[in-house]
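Reader: Could you walk me through this structure, starting with how the helices pack and then moving on to the charged pairs?

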Amino acid sequence: MIAYIVCEGPSDAELLKTVLPKKLLNDVEVVAGGGISAVKSLARSLVVRRQVPVIIVVDADSVVQELIQERLKSIEEIVGGVAANTPVKVVLAVPEMEAIFFQDASLLARVLRYETPQNLLNLAVFQPKEALHLLLSQSEKDNHLSPLEIIARLSNEDTEILRKTPFIQEIINFLESVRETAKIQS
């Protein structure tokens, strides 16, 4: 195992497995840890027991820069405190992982086959999970899709668009550096 990616929920894990380049996921396990406390505990355990790089990908749950930095620092201290020489990276999805779907309004229109109302695009800036839930619950065409069904509908072009999201780029950069380090050491 080259690295672990620890995230909060199953749909987060599925999204990461879909969006991240397949070549980077070789020998990388994506694990849904549950809530933020469970994610921190699992990440600490993996670092201590397996001594392999761990990247933690969780929601920032805020758009306020001070709160985002506070959450980042807190997680880094809790997990990094046991890491010694094992690389640990914390990546926050601002404000939530579901924001990725709103990075390109045309993407949702293609995947859902209807336009996203402006009021939901506005809500998505601060509460993307809620906006996505409302959008999917209003879908008469698709009988209330789930986020996992949206993920399943993503084309290769869609995943390329989503890979450009800043927090996905952070994950890609970390995995590339871990892979390089593993090559050098072997």
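**Helix packing and salt bridges**

Author: Helix 6 (residues 118–126) packs with helix 7 (residues 128–137) at an angle of about 150 degrees, and their axes are 6 Å apart. That makes helix 6 roughly antiparallel to helix 7, where angles under 35 degrees count as roughly parallel, over 145 as roughly antiparallel, 65 to 115 as roughly perpendicular and the rest as oblique. This is a predicted model, in which local features need pLDDT of at least 70 and side-chain atom pairs count only at pLDDT 80 or more, while totals for chains, interfaces and linings use all residues. Residues are numbered from 1 along each chain as its sequence is written, and side-chain values use heavy atoms, with hydrogens and water left out.

Reader: How are the helices and axes defined here?

Author: Helices (H or I, at least four residues) and strands (E, at least two) are DSSP runs numbered from the N terminus. Axes are lines fitted to C-alpha atoms, for helices over the stretch in contact, with angles running from 0 to 180 degrees between N-to-C directions.

Reader: And which residues make the contact of helix 6 with helix 7?

Author: Helix 6 contributes Leu 120, Leu 123, Ala 124 and Phe 126, while helix 7 contributes Pro 128, Glu 130, Ala 131, Leu 134 and Leu 135, contact meaning heavy atoms within 4.5 Å. These residues divide into eight nonpolar, no polar and one charged, where Ala, Val, Leu, Ile, Met, Phe, Trp, Tyr, Cys and Pro count as nonpolar, Asp, Glu, Lys and Arg as charged, and the others, Gly among them, as polar.

Reader: What about helix 3 and helix 4, at what angle do they pack?

Author: Helix 3 (residues 36–50) and helix 4 (residues 65–80) pack at about 35 degrees, with their axes 9 Å apart. Ile 36, Lys 40, Ala 43, Arg 44 and Val 47 of helix 3 meet Arg 71, Ser 74, Ile 75, Ile 78 and Val 79 of helix 4, and the residues of this contact divide into six nonpolar, one polar and three charged.

Reader: OK, switching to charges: how many salt bridges are there?

Author: The count comes to six, taking a salt bridge as a side-chain nitrogen of Lys or Arg within 4 Å of a carboxyl oxygen of Asp or Glu. One of them joins Lys 89 to Glu 170, whose closest N and O atoms are 3.4 Å apart. Lys 89 lies in strand 4 (residues 88–93) and Glu 170 in helix 10 (residues 166–185), so the pair ties together parts that are 81 residues apart in sequence.

Reader: Which residue does Glu 160 pair with?

Author: Glu 160 forms a salt bridge with Arg 163, the closest N and O atoms being 2.4 Å apart. The two are three residues apart in helix 9, and are therefore separated by about one helical turn. Glu 160 is partly exposed, with a relative accessible area of 41%, whereas Arg 163 is buried at 15%.

Key. Buried < 20%, exposed > 50% of the residue type's maximum accessible area, 1.4 Å probe, protein only.
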